[in-house]
Amino acid sequence: KEKLFSFDDFPVHFYDNEIEKPVILLLNGFGASTEFQWYKLLPALGTKNRVILINLLHFGKTKPVLEENCTVDNQVNLVYTLIQRLRIKKVRIAGISYGGLIASEFAEKHEPLVSELILLNAPTKFLDLENLRELCHKSGVDTIHDFFAPSDYLGLKKQFELAYYSTPWLPSFIIKSFYDELCKPYIDQWKLMVENLLGEYENLKLKNYNYKGNTTLIWGEDDVIIPVSVGLSLNKTYTNSRLECISKCGHLPSIEQSDRVIEILEKTFYNTVYSK
């Protein structure tokens, strides 16, 4: 069910199947609203879980009144407020890419609420910005801002090409329509968000990850945006974690290798808890 609730006088956009099962909350990354990033997992996850998909600030219909910069803390606060409003006591929280960064920060700040942390190709303290900048330049994108907040549909096309291991063919008019409807209204704000993330990067590199709960890391082995080396470093850092690498998969495992992601999650949810 598609839902909106009021948060500081602006709408927060989310989806909720509202069943009496353990809760998994899915957080989106850049590029599109949450339903486009997770839809392939929903038929499987929705039978045994209460599944909630939230559009983070400046995605989907979640539109703050003030067009000011949006920080990671703002996003974490939004997620916390939603959980409190829905009276959820425990939640598995999963995030892809930028959503994974928000999920990891939420787990650090609100560990008692988190039964499990699930990160898919998430940027963290281990991301090498210089490698990312070099990748952007080699691909004809001037800056990191231009990559994550493209100024036209051709930039979105380039983003697709880099995000996939095997890029699906889409006609230009579909990419342009997708860009005009789902990206263009938010581009200025996305650029501010990327600028904020880059400004916080030095502090992020100094961060210690203290979350002690169960953590599942899912990574596309062929991701050139957030390489698997980031996942390997995270796996060494978290106390109770495991890393599942997916071959022939880029930055979007929930789309490109959805069946494999479902297998991993089902094993995680219903088998013996792992520990290092």
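**Pockets, a strand and a threonine**

Biologist: By class, how many nonpolar residues are in the lining of the largest pocket?
Modeller: Ala, Val, Leu, Ile, Met, Phe, Trp, Tyr, Cys and Pro count as nonpolar, Asp, Glu, Lys and Arg as charged, and the others, Gly among them, as polar. On that basis the lining of the largest pocket has seven polar and two charged residues, and its nonpolar count is 18.

Biologist: What kind of model is this?
Modeller: Residues are numbered from 1 along each chain as its sequence is written, and side-chain values use heavy atoms, with hydrogens and water left out. Local features need pLDDT of at least 70, side-chain atom pairs count only at pLDDT 80 or more, and totals for chains, interfaces and linings use all residues, since the model is predicted.

Biologist: Which residues are the closest to the centre of the largest pocket?
Modeller: A pocket is an open set of points on a 1 Å grid over the protein atoms alone where a 1.4 Å probe fits, with protein on both sides within 12 Å along at least five of seven lines; lining residues have an atom within 4 Å of a point. The largest pocket holds about 530 Å³ (the space filled by probe spheres set on the points, which are joined across faces, edges and corners). Out of 27 lining residues, the closest to its centre are Phe160, Tyr164, Phe178, Leu252 and Ile255.

Biologist: And which strands pair with strand 6?
Modeller: Strands (E, at least two residues) are DSSP runs numbered from the N terminus, as are helices (H or I, at least four), and two strands pair if DSSP finds at least two bridges between them. Strand 6, residues 114-120, has six of its seven residues buried (under 20% relative accessible area, with a 1.4 Å probe and protein chains only). On one side, Ala94 stands opposite Ile118 in strand 6, and Leu119 stands opposite Leu217 in strand 7. Both pairings are parallel, with six bridges to strand 5 and four to strand 7.

Biologist: Why does Thr268 count as buried?
Modeller: Thr268 is in helix 13, residues 258-270. Thr268 counts as buried because its relative accessible area is 9%.

Biologist: Which side chain does Thr268 join through a polar contact?
Modeller: A polar contact is a pair of N or O atoms within 3.5 Å; within protein, one must be able to donate a hydrogen and the other to accept it, and residues adjacent in sequence count only if both atoms are side-chain atoms. Here, at 2.2 Å, the side chain of Thr268 joins that of Arg242.

Definitions and conventions
Buried < 20%, exposed > 50% of the residue type's maximum accessible area, 1.4 Å probe, protein only.
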